[in-house]
Amino acid sequence: MFEYLIFFTFAAIAVIFSAIVVIHRNPIVSALSLVVSFFALAVMYVLLDAPFMAALQVIVYAGAIMVLFLFVIMLLNLAQTDEPISRPVQQFLGITGAAGFAITLIYYILKAAVIHTGGPAVFVADARAIGVTMFEAYIFPFEAVSILLLAAIVGALILSQRTSAIAKDGGAR
Amino acid sequence: MSFDTPDIILSLIKIGIVLGLVLSVTPVWVWVERRGSALIQDRPGPNRIGPLGLMQAMADAAKFILKEDLVPAQAHKVLYTLAPMFGLIPAVTTCAVIPFARGFVIPEVIEYSGLIGAILVGGAVAHLVLGIIALRVTSHFGAIAGATRVNQWIGRLVAVGLFATVPLLLGIFFWFRSAGPVEIPFGFAGRHFEPIIADVSVGILLFFALSSLGVYGMATAGWASANKYSMIGAIRASAQMISYELALTLAAVGVLLGAGTLRLTDIVYRQSGTFVLFDTIPLPAWNIFPMFIGFIIFWVAAFAETNRLPFDFAEAEAEIVAGFHTEYSSMKFALFFMAEYMAMGTISALIATLFLGGWDIPYWNEPANFVGFLASFASFILKTSFFLFVFVWVRWTVPRLKYDLLMKLGWKVFLPLALLNIVIVAILIPLGWI
């Protein structure tokens, strides 16, 4: 009973603040709403007996990535926060696509979802179990992803180096 | 999840103790900071209100409540109001995962002993003295212009409350001395009392998760104020937090490697006892000895994490007025102020827990009873206070760095050193040193 109360409270928070992220015109408010939504999502992990995932969710997304987002938005200092609606075709396509996806999702969830009330725990999601799974069963995807990230870092470095070189000789190149 | 009433009451007691400690950090340490800075700069410091100026914080609090609460016309009203709360919530919640004393089993019966008598009589005397001080201070408020009546009534109310507990405590003392052994009622007997609010399996990760949210208070405040200086403060705060959180977390990884767990109670229990160096010198098994580099990095990064000098770039009063809280006044400013001191308190407690054995008293195996609980609690408070005092000491000794030096120090010195610390610990573990 207690779990249901927590679940529905935080599910509502997650949904409402996700909607604000999309609807709100001010990018800073959107970013902060996304943080609240991530936090509510972390509560879902706690309810699923995965406190390790919950802590990582908050550290990585709310604590690091969103701080970076906020930092960039503030640095850009968007003067015109209330942008008038242009590009009607793209807007129509986006809304239609999103609505179609939402309807399909709700249809299949209603068709397939069963509310489980306390079954046997299949996987204990503590730090040790996740570490063993990641570094034994999924070692190859893990290493592949790390190489991908390394490539992305090197790419970002090269891009920033090139722009600073252009700035140095006055954009002559 | 299942609950029973004694468990809930014990949890409430723990929350009361921790919250009381965290909330009292601000007034006490504002006094220490002001008197300490005066000592370092060879001047008297605040000495008017109460003996040694001890009641200065009360006067400050009264002043904050009575000040006008300004909101700039161009500010984003909602976020401007929410920002101080964003700042305060992480500071208050992080203390939930820190174990503050040795756990003990609540006995079936308790008998009168000299210790309990001393605590009760000492408490009564302390309340009497505090009540007299409160009355004296209240008479001082008469000299302050404006709203004296309110202050006087608050002071009298506090004094009456303090005096009322004196006969209560003495009554319990005399009744207890004559009553003989008393059975513990309400099913508390035989329960294990672990002095930590949330003994979760991911304790330290929860601490980092919550403390990493502290930056939103500063960033939001700076942006919502619609002020250039506030904005610069907010951007500096975000950049600094991203850089130093990495060093802080990596320095803690060494401790986690050694302990093999994320649970802070286990980390402390593993540090009790001794470690014999070269088969001759018995040292306390504290993490500071094998992980000295990690300890130094963690300690310095803690200064950056709490925005204290020499790393207080988010407010830097000589450069950007008051940084992110330039536009804030009254209790909104007081919340930022409280959050800063609370964050200092919790991070000091975490340094003590990770590297100095938490509540552990060296060369003494604390008994798992009430005496052990009290002694270890005192030891924990002592260690935390030491680190808190160093925050003050450094602030009035070391000047602010240059901003680019701060970034260089974070990325080019602390990050490699923290990685080196992890490698050293990883080598020491199979050698049996940790």
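Keep in mind that the model is predicted.

Let's start with chain A. Of its 173 residues, 16% count as buried. If you look at contacts in chain A between residues at least 6 apart in sequence, 50% of them join residues at least 24 apart.

Now for where the two chains meet. Chain A puts 21 residues into the contact, and chain B puts in 23 residues. On the chain B side, the elements that give two or more residues are α6 (203-211), α7 (214-224) and α8 (228-259). The top contributor there is α8(B), with 7 residues. What classes of residue make up the side of chain B that touches chain A? That side has 19 nonpolar and 4 polar residues, and no charged residues.

| Helix pair | Angle | Axis separation | Crossing |
|---|---|---|---|
| α11(B) (residues 330-355) and α12(B) (residues 370-395) | about 120 degrees | 8 Å | right-handed |

Take α8(B) and α10(B) to begin with. From α8(B), the contact includes B:Gln240, B:Tyr244, B:Glu245, B:Leu248 and B:Val255. From α10(B), the residues taking part include B:Ile297, B:Phe298, B:Ala301 and B:Glu305. By class, this contact has 11 nonpolar, 3 polar and 2 charged residues.

The other pair is α11(B) and α12(B), whose axes meet at an angle of about 120 degrees. That makes α11(B) oblique to α12(B). In the right-handed crossing of α11(B) past α12(B), the α11(B) side of the contact is made by B:Met344, B:Gly345, B:Ser348, B:Ala349, B:Ile351 and B:Ala352. On the α12(B) side you'll find B:Phe380, B:Lys383, B:Thr384, B:Phe387, B:Leu388 and B:Phe391. The class tally for this contact is 8 nonpolar, 3 polar and 1 charged.

Technical notes:
Residues numbered from 1 in each chain as written. Chains lettered and ligands numbered in written order. Predicted model: local features only at pLDDT ≥ 70, side-chain atom pairs only at ≥ 80, totals over all residues. Contact = placed C-beta atoms within 7 Å. Helix = DSSP H or I, 4+ residues; strand = E, 2+ residues; numbered from the N terminus. Nonpolar A, V, L, I, M, F, W, Y, C, P; charged D, E, K, R; others polar. Buried ≥ 20, exposed ≤ 12 C-beta atoms within 10 Å, placed from the backbone. Axes fitted to C-alpha atoms, helices over the stretch in contact; angles between N-to-C directions. Parallel < 35°, antiparallel > 145°, perpendicular 65-115°, else oblique. Left-handed = near helix turned anticlockwise from the far one by under 90°.
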